[in-house]
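Please look over the sequence and the structure shown here before reading on. The paragraphs after them are meant to be read with the structure in view.

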Amino acid sequence: MADDDLNEHYFLWFSDVHYDPYYATSQAFKSSFYKDVNCDSVDTQPLGQYGCDSPTALVHSALEYAVNITSTKEPTFIIISGDSVRHGVDLLFTGGDFNEGGEARYNDKNSSNSAVEHAAHSSWHKQAMETAGDIVNELVSMVQITFPNSEIIVSLGNNDVVPDYYLQLFEDGNDDEDVSFTETTLTPEDSGMLGVLFNALTSTGSSHSNDNTTSTTSTRLLGEQSDNETIMEPILIASDQSTFLRGGYYSRQIHNGAITILSINTVLYSSNFGPQPNNVDDPGHQFKWMRAVLSNCRELGTQAIIVGHIAPCVGSFRHTQLWQTQYIQTYYDIVQEYDEVITGQLFGHIHTDEFRVGLDTSTASSSSNDISMIPQLSTPILLGPSITPLHGNDPAMRLVKYGGRSSNSGSESDTLQYQLLDYDSHSFTSGSTHQWSKLYTFSEAYGIIASDIIKEEGLSSKVFQTILQSMEDNKGKESPVLELYRSYMISGASIEGNNRGVNDKCNVQCRNELVCTFQSATRSGYETCLSGRSQWKQRSIVGIVAVLGFILVFASFAIVRLRKKRNMRKNYESTPSVVGLSDNNDADIRDQEMI
């Protein structure tokens, strides 16, 4: 998008905060990969550390820094793309007797759904759900009090429900044809975990400063108030009940309806989701709702941003498929159908700074019923980094610039057409310095290979396709673009491991795995991509050997010919006797003359 008549705005993007109010107590959550880290000691790092979820001080620090970087760039809205809650809420009530349900199923190949079912039907399950709701309420309230003038959109993550990935859905008696997205007979009291979260997000409103000094830090930090106070709106309101209680999703309109933000519940589509819903094809009727909202945007000539937690793709850590295949197919059917309406797809979950994009050669098709690679779309899938440093990444957040300009239809009712233009990634050094700073600006980091496209199209798929293609090996060595990208994956952390750290090396296999991961929708697509790249390299090797063989044969033939010519030249230079010359000798002489 050109800069002429551009109307620029900003939004903040937090993901995977995993707020742990129990940090530095005996009930703090600790990663099993960091055995020597103390998350449960009063002497532990107050601002957090690798292997632990986010303490209160880290959340406060992130919000204080966010105030500073938005002092002249007031965020129109703020996105929290899931997993507000710490890991292992179950462990608060089990004494650590067994691991958190979903994590056990995800990491332990010998586990079964019995552990999850036990947790879901235990005597303390309701209390555990309410604890998760309290953590969501506390975190979102901190954000809301800090940014009282910004709309806050919250998506549900797998750790926001208890047990992990477990979310029972309740029907209101309407079948698929009669389902209403404006009315429901469901109430929070009879909607299980979704009812608990609905109550948590409808009780976040509190008093805040109503003066116009929102650009200064003093009136915006964590509840500091002036004498002039007003009441903030809660995150969810009564009209959200029909969709949120049915499936944990809702929408918000920004800029007088020019942008509709769809907060979708991706837990319903996870490969680890349970229990099985009654409507297997469309859990919670969320897909039907998405089509209805996007269709309305098309009719009105407005645009949409899709926000969720788990992306419909393959993860970069274990290269596992994150959604069930049938839901991946349905999701891409929808976004392909309404491609011109959608201006952003924002997810989190894997705690790293990444993207997913389809290439021109992608085999995905809405009619194939066998999706494997991400289809080519106008907008890429962006994956936000996490606040929690649990997995060895530095805490990070994004400040995203977006803009709109008139559709130039000539009518008085012209609406602005919006695009995501650029973003700054800000990270927190989890070492001795403990400070926030800008890690990189997208357009500056990748401008050397895509500056013209970024200026014209913003954060479009074409930009990320160019980046992905530039990640291919450079003369058998890692591309500088991929090396730069990997340095940002865990937000600048220097810790080594999983080929993602600043100091990690990435061999040929690693590079192939990453390039395939960035464009694969399913595990089978990922494996096919890897196999294809391996076969391509084998064919390249065979081709090189064949060329070398041809060169060797040709060189041998040339040497033989050269020797023959030299011998003939010697015979020509010596004066032959006229006596005894035969017809054959005359032929030899004629050949020599012709040379």
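Predicted model: local features only at pLDDT ≥ 70, side-chain atom pairs only at ≥ 80, totals over all residues.

Residues are numbered from 1 along each chain as its sequence is written, and side-chain values use heavy atoms, with hydrogens and water left out.

The secondary structure of the chain comprises 16 helices and 14 strands, where helices (H or I, at least four residues) and strands (E, at least two) are DSSP runs numbered from the N terminus. Of the 595 residues in the chain, 53% are buried; buried means under 20% relative accessible area, exposed means over 50%, and partly exposed lies in between, with a 1.4 Å probe and protein chains only.

In soluble globular proteins, nonpolar side chains tend to be buried together. A nonpolar core is a set of buried Ala, Val, Leu, Ile, Met, Phe, Trp, Tyr and Cys residues joined through side-chain atoms within 4.5 Å. The largest such core here has 138 residues, among which Tyr331, Tyr332, Phe355, Met397, Phe442 and Met471 touch the most other members. Helix 5 gives the most to this core, namely nine residues. If neighbours within four places in sequence are left aside, Tyr332 is in contact (heavy atoms within 4.5 Å) with Pro312, Ile371, Ile374, Pro375, Leu377, Ile381 and Ala521. There is also a second, separate core of nine residues, including Ala28, Val37, Tyr50 and Ile490.

Helix 12 (residues 461–470) is largely enclosed by the rest of the structure, because seven of its 10 residues are buried. The buried residues of helix 12 are Ser461, Val463, Phe464, Gln465, Thr466, Ile467 and Leu468, and what covers them includes strand 10 (354–356), helix 11 (447–457) and helix 13 (480–489).

The whole structure holds 12 salt bridges, each being a side-chain nitrogen of Lys or Arg within 4 Å of a carboxyl oxygen of Asp or Glu. In one of the salt bridges, Asp20 pairs with Arg86, and their closest N and O atoms are 3.3 Å apart. This pair links distant parts of the chain, 66 residues apart, with Asp20 in the loop between strand 1 (7–14) and helix 1 (56–69) and Arg86 in the loop between strand 2 (75–81) and helix 2 (91–94). Asp20 is buried, with a relative accessible area of 0%, and Arg86 is buried too, at 1%. Glu340 and Arg298 also meet in a salt bridge, at 2.7 Å from N to O. Since Glu340 lies in the loop between helix 9 (325–337) and strand 9 (342–347) and Arg298 lies in helix 8 (residues 286–300), the pair ties together parts that are 42 residues apart in sequence. Arg298 is partly exposed, with a relative accessible area of 36%.

The second largest pocket has a volume of about 350 Å³. On a 1 Å grid over the protein atoms alone, a pocket is an open set of points where a 1.4 Å probe fits, with protein on both sides within 12 Å along at least five of seven lines, and lining residues have an atom within 4 Å of a point. Of the 21 residues that line this pocket, Lys126, Met129, Gly192, Met193 and Val196 are the closest to its centre. Helix 5 (125–146) and helix 6 (192–201) each supply at least two residues of the lining.

Note on methods: Points joined across faces, edges and corners; volume = space filled by probe spheres on them.
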